[in-house]
Amino acid sequence: MKQPLFLIFLFLYFSINAQDVAILKYNGGGDWYANPTAVPNLIAFANANIGTHISKTPESVSIDSEDIFNFPILFMTGHGNILFSDDDANNLRNYLISGGFLHISDNYGLDKYIRRELKKVFPNLELKEIPNNHPIYNQTFKFPNGIPKIHEHDKKVPQGFGLFYEGQLVLFYDYETDLSDGWEDEIVHNDPKNIREKSLKMGANIIEFTFKN
């Protein structure tokens, strides 16, 4: 059996009818465990508002493990260094080309590292800014102006970037906005209700898009 077909069968074996998410553990010294309340809060919001049935406590999975194939979507964040080994990059690439999805939230300081490491995963692909009319901004919640601004970093406009493999969006990267901060418990950043709500709605769209595609 050719490898791509085998990978599709492997992914389907693990994840058919699955509605669970996980947090991606990576090497390099960066704090992959940042924002511990973020994904649980997003799960609760999605279950309450878009009809998902995601386990309320997300697992953490290592980038080099076959366990990543158990989940249709992985969440990744942090502030510092990231380092993918060849095995890490190969495993993540196989996951993404066989139907998996990765959301990366720049928790300020991640950008130069993640751009470097993603070239190991897809040497021939470039991060592209996702147009405002893309389905990821037009699920249950509508974002006609694209990704919302949640936290200020460098007084730059917020951007949503993606990697497209054979025309399919397989990775979403939020930059200069930090969606995952907006998912955290209110007491962590004291964000206004409307800011947290925008962040959670955008996160729910990411989950909904992933589960539909």
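Reader: What stands opposite Lys-128 in strand 6?
Author: Gly-162 does. Strands here are DSSP E runs of at least two residues, and helices are H or I runs of at least four, numbered from the N terminus. This is a predicted model: local features need pLDDT of at least 70, side-chain atom pairs count only at pLDDT 80 or more, and totals for chains, interfaces and linings use all residues. Residues are numbered from 1 along each chain as its sequence is written, and side-chain values use heavy atoms, with hydrogens and water left out.

Reader: How do strand 5 and strand 6 pair?
Author: In the antiparallel sense, over two bridges. Two strands pair if DSSP finds at least two bridges between them. Strand 6 covers residues 159–165.

Reader: What's the strand order in the open sheet?
Author: The order is 2-1-3-4-7-6-5, seven strands with mixed pairing. Strand 2 (59–62) and strand 5 (128–129) stand at the edges. Each has a single partner strand, so one side of each has no neighbour in the sheet.

Reader: Which strands does helix 4 touch?
Author: Helix 4 (residues 111–121) packs on the sheet and touches strand 3, strand 4, strand 6 and strand 7. Contact means heavy atoms within 4.5 Å. The direction of helix 4 makes about 160° with that of strand 7. Axes are lines fitted to C-alpha atoms, for helices over the stretch in contact, and angles run from 0 to 180 degrees between N-to-C directions.

Reader: Strand 3 next. Is it covered or open?
Author: Mostly covered: six of its six residues are buried. Buried means under 20% relative accessible area, exposed over 50%, partly exposed in between (1.4 Å probe, protein chains only). Ile-73, Phe-75 and Thr-77 point one way; Leu-74, Met-76 and Gly-78 point the other.

Reader: How many bridges join strand 1 to strand 3?
Author: Three, and the two strands run parallel. Val-21 has Ile-73 as its bridge partner in strand 3. Strand 3 also pairs with strand 4 in the parallel sense, over six bridges. There, Leu-74 partners Leu-102.

Reader: New topic. Where is Gln-168?
Author: In strand 7, residues 168–175.

Reader: Why does Gln-168 count as partly exposed?
Author: Because its relative accessibility is 34%.

Reader: And what is Gln-168 in contact with?
Author: Leaving aside neighbours within four places in sequence, Gln-168 is in contact with Leu-163, Phe-209 and Asn-213.
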